[in-house]
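Please open the model in your viewer and keep the sequence panel beside it, so that each selection can be followed from one stop to the next.

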Amino acid sequence: MQASKVTSAGSVSAPRVQVALGLLRDQHERVTRARQAVIEVLDSSDEHLAADEIVALAEATAPGVHRATVYRALSTLGELGLITHTHVGGSATVYHLALPAPTDGAASPPHAHLQCTNCQAVIDIPVDALDSLISRVDREVGFQVEPHHAALLGLCADCRHSPEPETGQKRQA
């Protein structure tokens, strides 16, 4: 297990943050305050965060980092493969790190997202759960599905069995 490292700002950098910053350097990319703040925000959350949430959290941890700079950092980090984004229904795009888990170093398996249209919960599922659908769409329509890029909409188990529909409260699963 990799030890945490103290950053230039004096804070302790988590192992996944160190890996991400190392990957930036390996690709001859600059490690800017905004990029580091975005990576740290995403590493510190188990939730799927929208850009506005990332901006607010990044501004809190790196005062002086501007909104536009954070949006550019999100774009660049996505292009470099360090973060992924998913479009969720009726909501903003959500982001998360695309790096190995800090405990075992194994790459996190590709996953797709389900979103409950009632309570707005976003649920991760293994992408291979959609293999038969992806194959059928490719075979019958000639369309290559990118299952990680958009959430499939439906009703979660809780909402399906709930006697009263919720009012669109956001939940994370």
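This is a predicted model: local features need pLDDT of at least 70, side-chain atom pairs count only at pLDDT 80 or more; totals for chains, interfaces and linings use all residues.

Step back to H1 itself, residues 15-26, whose 12 residues reach 16 Å from the first C-alpha to the last, close to the 16 Å expected at 1.5 Å a residue. Which residues of H1 are buried? Colour Pro15, Arg16, Val17, Gln18, Ala20, Leu21 and Leu24, which are the buried residues of this helix.

Next, select helix H2, residues 33-43, which lies across S3, S4 and S5 and runs at about 90° to S5. Those 3 strands form an open sheet with antiparallel pairing, in the order S3-S5-S4. Strand S3 (49-50) and strand S4 (83-87) stand at its edges with a single partner strand each, so one side of each is left without a neighbour in the sheet. Between S4 and strand S5, residues 93-97, look for 5 bridges joining the two in the antiparallel sense; here His85 stands opposite Tyr95 in S5.

Finally, move to another open sheet of 3 strands, ordered S7-S6-S8, where the pairing is mixed. Strand S7 (122-126) and strand S8 (152-154) take the edge positions, each with a single partner strand, so one side of each has no neighbour in the sheet. Neighbouring strands of this sheet are turned by 30° against each other on average, direction ignored. To end the tour, show strand S6, residues 111-116, together with S7: the two pair in the antiparallel sense over 5 bridges, and the bridge partner of His111 in S7 is Pro126.

Note on methods
Residues are numbered from 1 along each chain as its sequence is written. Side-chain values use heavy atoms; hydrogens and water are left out. Two strands pair if DSSP finds at least two bridges between them. Helices (H or I, at least four residues) and strands (E, at least two) are DSSP runs, numbered from the N terminus. Axes are lines fitted to C-alpha atoms, for helices over the stretch in contact, and angles run from 0 to 180 degrees between N-to-C directions. The expected span of a helix is 1.5 Å times one less than its number of residues. Buried means under 20% relative accessible area, exposed over 50%, partly exposed in between (1.4 Å probe, protein chains only). Contact means heavy atoms within 4.5 Å.
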